[in-house]
Amino acid sequence: MARREETVRSRLWIGADRRWRTEGLHDTDLRRAVRAWLLERGETGTVLEEVGVLRGQARVDLLHVGEVTHGFELKSDVDTTRRLKRQVAFFSRVFDFCTCVGGERYMDDVLEKVPQTWGILLVGGDCRAVPVRPAQQLE
């Protein structure tokens, strides 16, 4: 039973062409990679998921709260980057640090839409996060 549930969860429904998609990086892979990256760095604090900001105008995927706040915006292989500029504007006003996390699929878009002050983590097929650039303290 557990194996079947895991198989079902690992599939993503692609509505327009009505096919199941199982390949690529999923949201859960990126969440796991960020948590492992924080542990590797020895970060302490709390990680919260799906936190609304600015009275619900936006929602950050992961928020690390320690001595500072660090918001993580995740872009899975089945996500889009349409809202990324808007998310950058909101999150830059709220958090001390911000990082965009994704695979190679959207890395060109991320590099174009995310300011130099934001960090970028690239997650490979092994679900390990590799820093492309470090996050800088936002003002």
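Modeller: Buried means under 20% relative accessible area, exposed over 50% and partly exposed in between, with a 1.4 Å probe and protein chains only. This is a predicted model, in which local features need pLDDT of at least 70 and side-chain atom pairs count only at pLDDT 80 or more, while totals for chains, interfaces and linings use all residues. Residues are numbered from 1 along each chain as its sequence is written, and side-chain values use heavy atoms, with hydrogens and water left out.

Biologist: OK, what percentage of the 139 residues counts as buried?

Modeller: Of the 139 residues in the protein chain, 38% are buried.

Biologist: And how many helices and strands are there?

Modeller: The protein chain has four helices and eight strands, where helices (H or I, at least four residues) and strands (E, at least two) are DSSP runs numbered from the N terminus. Read from the N terminus, their order is α-β-β-α-β-β-β-α-β-α-β-β.

Biologist: Which strands make up the open sheet, and in what order?

Modeller: Six strands form an open sheet in the order β3-β4-β5-β6-β7-β8, with mixed pairing; two strands pair if DSSP finds at least two bridges between them. At the edges stand β3 and β8 (129-133), each with a single partner strand, so one side of each has no neighbour in the sheet. From one strand to the next the twist averages 30°, with axes being lines fitted to C-alpha atoms, for helices over the stretch in contact, and angles running from 0 to 180 degrees between N-to-C directions.

Biologist: Do tell me about β3 and β4: which way do they run, parallel or antiparallel?

Modeller: β3 and β4 run antiparallel and are joined by seven bridges, and the bridge partner of V47 in β4 is H64.

Biologist: What does α2 touch when it packs on the sheet?

Modeller: α2 touches β3, β4, β5, β6, β7 and β8, and its direction makes about 150° with that of β5. α3 also packs on the sheet, where it touches β3, β4, β5 and β6, and its direction makes about 170° with that of β5.

Biologist: Which strands do bridges join to β6?

Modeller: Six bridges join β6 to β5 (residues 69-75), the two running parallel, and C98 is the bridge partner of G71 there. β5, α3 and β6 make a right-handed β-α-β unit, meaning that, with the strands pointing away from the viewer, the path from the first strand over the helix to the second runs clockwise. Four bridges join β6 to β7 (residues 119-123), which also run parallel, and V101 has L121 in β7 as its bridge partner. The chain passes from β6 through α4 to β7 in a β-α-β crossover that is right-handed.

Biologist: Switching topic, how many aromatic pairs does the structure hold?

Modeller: There are two, a pair being rings of Phe, Tyr and Trp (its six-membered ring) with centres within 6.5 Å, where planes under 30 degrees apart count as stacked, over 60 as edge-to-face and the rest as tilted. W37 and F72 have ring centres 6.1 Å apart and planes at 80°, so this pair is edge-to-face. W37 lies in helix α2 (residues 27-40) and F72 in β5, so the pair ties together parts 35 residues apart in sequence. W37 is buried at 10% relative accessible area, and F72 is buried at 1%. The tilted pair is F91 and F95, at 5.9 Å centre to centre and 45° between the planes.

Biologist: Which residues have the most contacts inside the largest nonpolar core?

Modeller: They are F91, F95, V110, V114 and W118, in a core of 19 residues, meaning buried Ala, Val, Leu, Ile, Met, Phe, Trp, Tyr and Cys residues joined through side-chain atoms within 4.5 Å. Elements giving two or more residues are β3 (46-53), β4 (58-65), α3 (84-94), β6 (97-102) and α4 (107-113), and the largest share, four residues, comes from α3. Apart from this core lies another of 13 residues, including L38, L62, V101 and A129.

Biologist: And what does F95 touch?

Modeller: Leaving out residues up to four places away in sequence, F95 touches V53, V60, L63, T69, G71 and L138, contact being heavy atoms within 4.5 Å.
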